[in-house]
Each structure stands twice: as C-alpha cells, then as structure tokens.
Amino acid sequence: MKYPDFNQTISIDEVGVEERVSRLNKRSIKKDSKVQALKLALSMIDHTTLEGSDSPGKVIQLCKKARQPHPAIPDLPTVAAVCVYPRMVSVAKKELKGSGIHVASVATAFPSGQAPLSQRLDDTKFAVNEGADEIDMVISRGAFLNGEFQLVFDEIAAVKEACGDAHLKVILETGELHTYENVRKASDIAMHAGADFIKTSTGKVSPAATQPVTLVMLEAIRDHYYETGKMIGMKPAGGIRTAKQAIQYLVLVKETLGAAWLNKDYFRFGASSLTNDLLMQIVKQQTGHYQSLNYFSND
Amino acid sequence: MSNTETKEAAYKPTSPNSKLDFASVWEYAPAPQDSKFAEVKDQYDLFIGGKFVKPSKGRYFKSTNPATEEVITEFAEATQKDVDKAVKSARKAFEGEWSRISAKERGKYLFRIARMLQERAREFAVLESMDGGKPIRESRDVDIPLVAAYFFYYAGWADKLEYAFPGKKPEPYGVCGQIIPWNFPLLMLAWKIAPALAAGNTVVLKPAETTSLTALKFAELVKDCGLPDGVINIVTGAGQTGSEIVNHKDIDKVAFTGSTNVGKIIQKSLAGTDKKYTLELGGKGAMLIFEDAPIDQAVEGIINAIYFNQGHVCCAGSRLLVQEGVADKVIQKLKDRLETLIVGDPLDKNTDVGAINSKEQFETVNKYLEIGVNEGAEVYQANCDVPENGYFIRPTLFTNVSQSNRVVQEEIFGPVLTVQTFRTADEGIEKANNTPYGLANGVWTDKGSKIFKVGSQMRSGVIWANTYNKFDPTSPFGGYKESGVGREGGMHGLAAYIKN
C-alpha cells in the first residue's frame, strides 16, 4: 500500500470549519427523530471511568449501569462499551459476560504516553490478555509536534500489532495539537497506520472534544474512505455532557459520512455523565415531564 | 396531464448514486416554523401619503405561495394616476416636513424603523418565506437581520453627512423612484430606502409583483413609527407600474435592481433626462478553486454560493472553475454534498433549498436545464424527494460544459451550477472574465498572495476569498460591465443619494 507524504499539509480553513458546524447546529431535531437520536446516542456510549481511585467495586457498579441503564424504561439499548484502565479489564470482562457490551481499555501509558515504547506495548498486551475487546491508545504528541511523523506512524503500527484481534482506537489528544491542520495530519497518520477508530481526546486535557475538531476528523475519515474504501470509526471523547450536544454530533456524522456510520461499530461517545442526561431526555419524551436527577443512578 | 406530472417528468436524476449513502437510518422529523401568528389580510392597498388607499382603477392581482401554489392575498395594481399621486405626496413631504426637521431627527426615525424591524423579525421572516419561497433558516438568519443592520447603519450617517463628504454641502436629490426585485424583497427595500432617507430624500418604491407582502407589512410598520406622511410611498404592480415611476417627470433619481434586460430599457428611457440613476443588474459569478485550496471548506462555500436562496441571487456563484488537479475530487464531494441538501417546505426549519419564486421562473430554470442537456452537458441532480405541489427544482450540477454553452454564458437565476476546469491561473482568470457580466467572483486558495494577484485581475464589483455571499452594510456592492451602474451599501451607497 502507498502512503501519502505526511510532510505535506492538507489546508483547512478554520473559519469555514466553524461556519459549517454552526450551520449544522441549526438543524431542528424534534419528536420521533429526537427519540430515535437519544436512543442511538445511548447505544454509542463508551461508559467510562478513568480515575486513579477506581476500584473493582466502582467498575462493577459501572458495568451494571451499562447493562441496564434505567430499569424504569424496559426497551432501552445498552451502551456500546465500558472503558477502564488495564487493571480493571478482568473485572469488567467478568461483569459484562454475555451482554454483548465490549470492554475497552486505555493503554500505552495513558494519558500522557510518556513511557518507552516497550512498556507501552506491554501495557497493550496486558489489557488484551485480560480480555479487552478494544484498546484506546494515545499518540506521542511530543514527537508529532516535533515533526517526527514516521515515528508516530511506526508506534501506532506497533500497537496495532500488539492488539491482535482487539480493535484499536487512536487518541490524537487534539487539545494538544493546536491547529485543525495538525488534527487532520494526525488523523491521516493514524488511519494509515492501522487505526480502527480515531478519537479526539483522553478527557484529561482541555479542550477535549469539540465539534469543529470532530468535523475535521470526520472529513479525514471521508477522504480515507474515498481513497481506500475502508471505513474508519470516530470517537469524540470528553466534554460531551448533554443530550443536545450528543444530537449535534450525530448530525455532523449523518451529514458528513451518512447512514453507514450511524451505529456503534463506527461512532462512539467517550463520556460518563452523558448517559444520565440522555436517560432524562428519553423519560421526558415518554412522559412529558422532567424527572429530578435523583431518579437516575450515578454510576 | 396535470401540472405535477409535468414537473415530475422534468428532470429525474440521471446520475449514479454517489459513493456515500445518506439515506434513511435516521430521518429528521418535520420541524415547521409556527406561522399562524403572522397576520395576512385578504387584500392590500397602495401606501400613499401615509395612508392605505384604493387603486384608481380598482384592479387587484393575486399573489401565490410558490411552495403550495395557493393564493395568499391580493395586491392593488397601481396605474399612472396612482403613481402620480405617490410622486406628488413624496414631493410634498420632501418640500415640507422632511426637509424642515433636523438631520438628527431623520436619523432617529431610521433607528426607530430598525428597532421595530428587530422586534417583529420573526413575523417578517415567516412572511418573506411564505410569499417568496425562501427557506425560513435564511429569512430568519440572513434576510431580516441584514434588513435591520442596513437601517441601523444608514441611521447613523443621517446627521454625519458633512463628515462623510468633507468639503461639500451634502444635499439630497429630492424624490427617488425605486424598483426592487423578488429575490430578497425586504432586504432590497432596505438597501434602497435606508440610504435615500438618511440623505434626506423621499421615496416611491415598487416591490416586485410576486413578492410585495413584506413591503406592505413594512408600510404598516412605517405608519406605526410615525414617520411624516409621504416620506415613504409604496405602490404595487407589474412592469407597467415600474415604467410609470421611471418615466414620471417629477422623479429626480431612479434606483433599480433587477434583470439586465429591464436595466437596459430603463437606461434608454432615462437618456436625455437629468434624472440620476443606479442600476444593480444580473450576474454570472465565477468561482476559482486552486489546487492548494482547503477543499472541504471550498465545497461548502460553493454550496452557499449557488444553492443559497435557490440560486435566486444576482451575485450567485453559478460558474465553478476548478484547477485540473483537484477537479475530480471537488466534483465527487459536491455530488455527495448535494445529497444532504434538504429541499422542500420553506417554513420547515431544516429546509436548505426552498421553492422557486414563481411559476414563470420555474419554467425559465427548467428551460435552461433542457438547454444544458441539449448542449451536451452531463447533468447531476440530488436524489431528494420534492413536494408534489409547488415549484421545486432539485439542486443541479452541469459538468462537461464549455465556455460557449448557453448555460455557462447566460444568467439562469436558479439552483444550477456549471463546472469547468482550468490549468493555469491565467486561464482561470480569462474564463472568469469572459462574460458580459461582472458582479461578483470568488477565489479559493490557501495562499494570501494569490488571492490578491488573482482578485485584482478579475473584473467584478465584489471578490470573495475563501467564502461567498457575505454581505455587510458597510461594504459597497455593485457591478462592472452589464452588471450595473453605481454602488449600493457603505458610503458609496450613501453618495448615490447625494447631489454631486
């Protein structure tokens, strides 16, 4: 396969990207299409806990919530995956057995990626051996900003190899890349190096996911599809807290990539508090009333 | 054969599906804008001397909603006698109260009009969409906000004319006859009335016969704001009424926006008189996309350039010139983007492309589609459903066209884009300039120096760089060559209402 020259920059007009996003944000999503979007968004969530204080108990609670988001409403979809640190993978795996919910694990010295490659690969293999279905890796942003694109590429390819059958999500940490052109370039490198998904952020750096950054990445995925016929998934993560935001992201996907990407195999939300806002809105659509947040479990 | 069948038969998509699939999975439910609160009377009279008066011959003509083909209301047909009455009342106001009050007071009236327009913005937006077929998203977010912005801008100049034109004593012409088109009904009214009044003139304005509703609603607003009688007169009617205004002996200045053909007739009839005039006429804007351009944003810019307001824009970017190296990519992306345009009910908040303004224009655009196909162009149309009733045309792309084709040379004034390629900048510029028009062009490149080099060689009144169809009250607007005479907007637009 022939790779593009990553030293070449694909120009991106900042003003144009932001105008496009603000136009898409004007879509008015009502009634049936809103209910459908809320449920779709729920089914795309990587329900996440990535804290130093995570314990097996907390992860078990999280998994139960993932299986049954809100018992009061029976026909809800489950979330797509539960996302945890490598040490918690086995706990989650056991808890989610038979549910169809994937276990995703961050790896490669998340969130900074500042460890020798060998350790990052070991970290990945450990998570995979523990049963992770998906690996969320971070790229070496320092190397990227230093212009060492080949190194970034090779590292991703190495992690992909270490993943075996597990799906690889490559976190670009766009909050540290500063320009849309860098985001575009990092997306291209990741996709060519073997990413199954590209992901905006770790959630540990501000700004995390934004809509303009997501649009730039979706357009990179579109170009990759035009050129190779291969569909790459997208995962914005961090900072998506409300159902309204989630629906706006779905509009971006729908009008940039179309129907084939509107499912959990090709689009995910990395989020924790989003789940409850979606549930609250779904209940509102069904009953006509907002319930207090106290009616929704905080897992 | 019913009307609907004719339209359905007009142009079914002939092109293969683009590679991405934008169908189903998740459809947007209808999101209709509430329109019940916007009151429309069964009949509207002429607005002369601060009062609504019946037309002298008692004749009225019907106005339809182009999205439903239903009659909305009817407007009075102004005859020579009515126009004469309107001009007399404008003259009386000019020689009376309007010239006696201070410039500051004049400005206050304009500020008041601007504020009242903002207060009633949603109502005007709804009516504009009902009467003219443009999507509510545009009338709500573009037309009406700009209308208020133009009034605010010129209101500020009213008492500062000496600073705008240092060294002379700025004086108004007197009575201005103004004729406006149907594509931006209220916005064109604002472009005409705001600078005329700021400079101290009085006006007789004729809106287009298919879109007179917001002008008469505006007349109601003018009455409410207490503007002295006769300063603004609004007469409705078709071409004949317009010609009565142009040829009236007591008109000092004519301002016209519309087709180049009518512009030429007006210019002929004004020859040999001492009437001043500004004409804002047709266009066939070219957009140059260079290989180094931000492609995705350029594609979005093209969409805004040609499918904005169904392509009923005199400065629409209707000719795409794309550098060979990126031509295939741009065309592929354009085709996919066409699939996501939502065509339909103008009052739905999600509609991107509304109804063609009138049956007449619908037929004109369809005629050009036929001409294009007969000339050997490849036609690509969005695969979208269009409503059964009403005048709708799918967003259209013509490829494989050449400079000599009529669809490349003539103004279509519809959602139809032609695509040509070029190799060098010189070739692109030559093609862009090879037209009798010269209203607006666009250039897309990542390189600032190229923008200036190419932009300075393109012969048109407006050059947009990496964007298109952006308007601002402070910026002058107008054409080269057959696109018009004079400028509107900014201080240039003010100068057009001041005696030299």
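**Sheet and interface of chains A and B**

Let me begin with one pairing: A:Asp46 has A:Ala81, in S2(A), as its bridge partner. What we are looking at is a predicted model, in which local features need pLDDT of at least 70 and side-chain atom pairs count only at pLDDT 80 or more, while totals for chains, interfaces and linings use all residues. Residues are numbered from 1 along each chain as its sequence is written, chains are lettered from A in the order in which they are written, and side-chain values use heavy atoms, with hydrogens and water left out.

Strand S1 (residues 45-48) and strand S2 (residues 81-84) of chain A run parallel and are joined by three bridges; strands are DSSP E runs of at least two residues and helices H or I runs of at least four, numbered from the N terminus, and two strands pair if DSSP finds at least two bridges between them. In chain A, eight strands form an open parallel sheet, ordered S7-S6-S5-S4-S3-S2-S1-S8. Strands S7 (233-235) and S8 (269-271) of chain A stand at the edges with a single partner strand each, so one side of each lacks a neighbour in the sheet.

Turning to the interface, 36 residues of chain B and 35 residues of chain A take part in the contact, meaning heavy atoms within 4.5 Å. There are seven salt bridges between chain B and chain A, each a side-chain nitrogen of Lys or Arg within 4 Å of a carboxyl oxygen of Asp or Glu. B:Asp352 and A:Arg23 meet through their side chains in a salt bridge, at 3.1 Å from N to O. On the side of chain B that touches chain A, H12(B) gives the largest share, five residues.
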